[in-house]
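This report describes selected contacts in a predicted model. Please keep the sequence and the coordinates in view while reading.

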Amino acid sequence: MAEVAFWQGNKAIAMGAIAGGCTFFSGYPITPSSEIAETLAEELPKIGGRFIQMEDEIGGIAAAIGASIAGRKAMTATSGPGFSLKQENLGLAYMAEIPLVVVDIMRGGPSTGLPTRVSQQDVMQARWGTHGDHATIAYAPSSVQECFELTIAAFNASERFRQPVIILGDEVVGHTREKIVIPDAGSYQVVNRKRPAVNPDDFVPYKPDLSDDIPPMASFGDGYRWHVTGLTHDDWGFPTDEPSEIETKIKRLVRKVNRFREDIVRYEVFYGEDAKVLIVSYGSVARSSLRAVREARQKGFKVGHFRPITLWPFPDEELQGLASQVDVVIVPELNCGQMLLEVERAVNGKAPVVGKSLVNGELFQPSDILSAIEEVA
Amino acid sequence: MPSKEVLDWLRVDFFPHIWCPGCGHGIIMHALLRALASLGCEKERTVIASGIGCSSRMPGYIDACTVHTTHGRSLVFATGIKLANPELTVVNVMGDGDCAAIGGNHFIHACRRNIDITAVILNNSIYGMTGGQVSPTTPIGAYATTAPYGVIDPPFDLCNLAAAAGATYVARATVAQPQLIEQYIKKGIQNKGFSVVEVMTHCHTQFGRRNKLARPIDNINRFKQVSVTKAKADAMKPEELEGKIVIGEMMDRERPEYVEQYLRLIERARGQVA
């Protein structure tokens with residue numbers, strides 16, 4: 001029998017991590033994500049897991065990567081300024097193909113910005129914040145329930161694809177307290193990284209399986225010896241200057257995710273079938289949008305809502321199908337128009353796309369979005 | 001020529017190494033491998049972590065569980081590895097840039113926690129790989145590409161720093177004393193806590209040729225001339241110690257070790273659950 005609780009989003013992320021198999025958390029205090037660390041400081045030791053508060057944000061992500069190399073499912077959590085500090089080592093985890101979950105509870109920026117107030121200004125940082133090419137997987141929960149469920153999904157994706165996966169929460173979702181139905185253990189899937197099937201002497205640590213482009217991963221301490229490096233490397237994990245090996249590695253990093261796009265992409269559509277006005281929004285904004293859409297429907301406007309749940313990969317093909325039947329697309333965002341660019345790319349001229357930006361530290365009121373609908377309808 | 005036991009720890013397939021002929025880093029790697037071999041460490045249970053720079057290439061040549069991380073961050077990767085799996089022997093090799101500049105914060109906090117990791121500092125007083133820029137351990141008056149008029153800021157004494165920050169075993173040797181390096185690394189690995197072995201090494205290529213120490217042997221001879229044992233140094237005046245390198249064991253004490261404390265914390269947390 002599933003248990004019902006009244007939790008904050010940040011607590012749901014922490015408990016979702018444990019449900020997804022997380023036994024290691026390292027991080028550094030930062031508003032508005034600290035409750036994730038506080039919850040795990042209390043909960044992880046109870047299951048024999050490890051929590052460590054590091055000396056800085058960089059240590060927070062680096063220790064988690066180290067723990068993952070040693071075989072544990074690991075997570076770190078932060079907010080905008082800390083997310084910036086973590087970018088270099090996020091890149092190391094992409095390059096060395098180390099599973100890891102990184103939570104960014106978005107607050108207003110740039111810089112110290114608005115520590116206690118909501119924004120969605122990190123969505124492009126999540127995609128391109130670290131230098132170099134890689135594929136990004138990022139989930140944007142819009143409820144406490146989703147904070148729990150998408151954290152499990154994030155661990156599963158990071159284990160399957162051997163790379164970091166990002167939870168892009170925001171201050172409102174992180175701090176909202178609401179009902180959550182905690183699924184019974186065993187009622188959801190938990191994915192573990194592929195282990196090598198060969199004996200240690202035959203182990204080629206970065207030789208991918210042809211079926212999925214992903215190399216099986218050994219852990220330090222389980223009998224395999226291998227080399228981890230942030231340098232571009234060959235199948236043995238050793239630095240290479242050979243152009244063909246470099247090309248193979250970097251292309252594979254992108255392809256191993258892109259070829260399974262259909263398995264990863266998540267989105268949700270409300271009132272799509274006859275919509276003439278389409279709202280596209282995500283995270284906490286989607287909640288204001290949905291209310292506005294319902295009110296507009298009551299007033300007779302044919303309005304629908306498209307909510308990307310994975311911001312990366314962006315559900316572009318799915319959005320394009322819907323956009324071809326509508327007269328206009330509205331994109332309310334708590335930034336100056338970041339995912340707007342993705343929506344425009346996906347809609348590809350099939351309908352005009354109107355951005356609606358709010359960067360004053362507050363969440364859209366449903367009435368803000370309703371008036372945007374009334375302006376264009 | 002290394003012994004068979006030492007050769008067994010090398011990934012000779014990946015030679016030649018990238019270090020310049022005459023570099024001191026090989027002396028330190030050899031001492032580390034002799035220490036690991038003589039302690040009977042298992043390659044599958046030994047982790048060698050490194051940061052960035054010439055020193056950081058060492059793990060690539062060692063046939064163990066090796067991780068080459070980002071600049072200055074190897075100690076925090078190592079901290080995660082050790083806490084995740086306390087059964088592993090974790091050795092961290094880093095340069096003076098890793099340890100004393102970009103990773104200085106991690107260094108003092110690893111000392112403070114007294115986590116069971118052995119940090120070997122390959123201190124050549126210069127950024128060698130990037131072309132001879134000044135480091136936080138370059139002596140006053142020395143020349144570097146970013147100190148063309150001579151260094152004006154004083155260098156760190158990394159052993160004093162480590163001891164003050166809480167490391168439980170702290171020792172220093174130079175590459176002119178390879179037996180001492182091996183002995184100190186062995187004691188460091190045996191110490192249940194954070195151990196720091198600072199090895200003064202040379203970069204004749206980038207430091208030496210700008211500072212009248214262009215040949216490797218000039219550097220070795222200098223290390224022999226300026227090395228003073230701790231016992232002697234304790235009886236010397238500060239002005240007599242100018243320009244000297246104090247070698248020996250600077251600290252050897254017991255303090256609670258971090259991972260052991262954490263495992264006890266787990267027992268307490270579980271006790272509350274029951």
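## Strand pairing across the chains

In which sense, parallel or antiparallel, do E10(A) and strand E2 of chain B pair, and over how many bridges? The two strands, E10(A) and E2(B), the latter spanning residues 65–68 of chain B, pair in the parallel sense, and three bridges join them. Within this pairing, A:His227 has B:Thr66 in E2(B) as its bridge partner.

## The contact between chains A and B

Taken as a whole, the contact involves 36 residues from chain A and 36 residues from chain B. On the side of chain A that touches chain B, at least two residues each come from strand E2 (22–27), strand E3 (50–53), helix H3 (57–69), helix H4 (80–96) and strand E10 (227–229) of chain A. Of these contributions to the side of chain A, the largest share is that of H3(A), which supplies nine residues.

By residue class, the side of chain A that touches chain B consists of 18 nonpolar, 11 polar and seven charged residues.

## Helix packing within chain B

In chain B, helix H5 (residues 104–113) packs against helix H6 (residues 158–165) at an angle of about 45°, and the axes of the two helices are 7 Å apart.

From H5(B), the residues B:Ile108, B:Cys111 and B:Arg112 take part, and they meet B:Leu161, B:Ala162 and B:Ala165 in H6(B). The residues of this contact of H5(B) with H6(B) comprise five nonpolar and one charged, with no polar residue among them.

Definitions and conventions
Residues numbered from 1 in each chain as written. Chains lettered and ligands numbered in written order. Predicted model: local features only at pLDDT ≥ 70, side-chain atom pairs only at ≥ 80, totals over all residues. Axes fitted to C-alpha atoms, helices over the stretch in contact; angles between N-to-C directions. Helix = DSSP H or I, 4+ residues; strand = E, 2+ residues; numbered from the N terminus. Contact = placed C-beta atoms within 7 Å. Nonpolar A, V, L, I, M, F, W, Y, C, P; charged D, E, K, R; others polar. Pairing = 2+ DSSP bridges.
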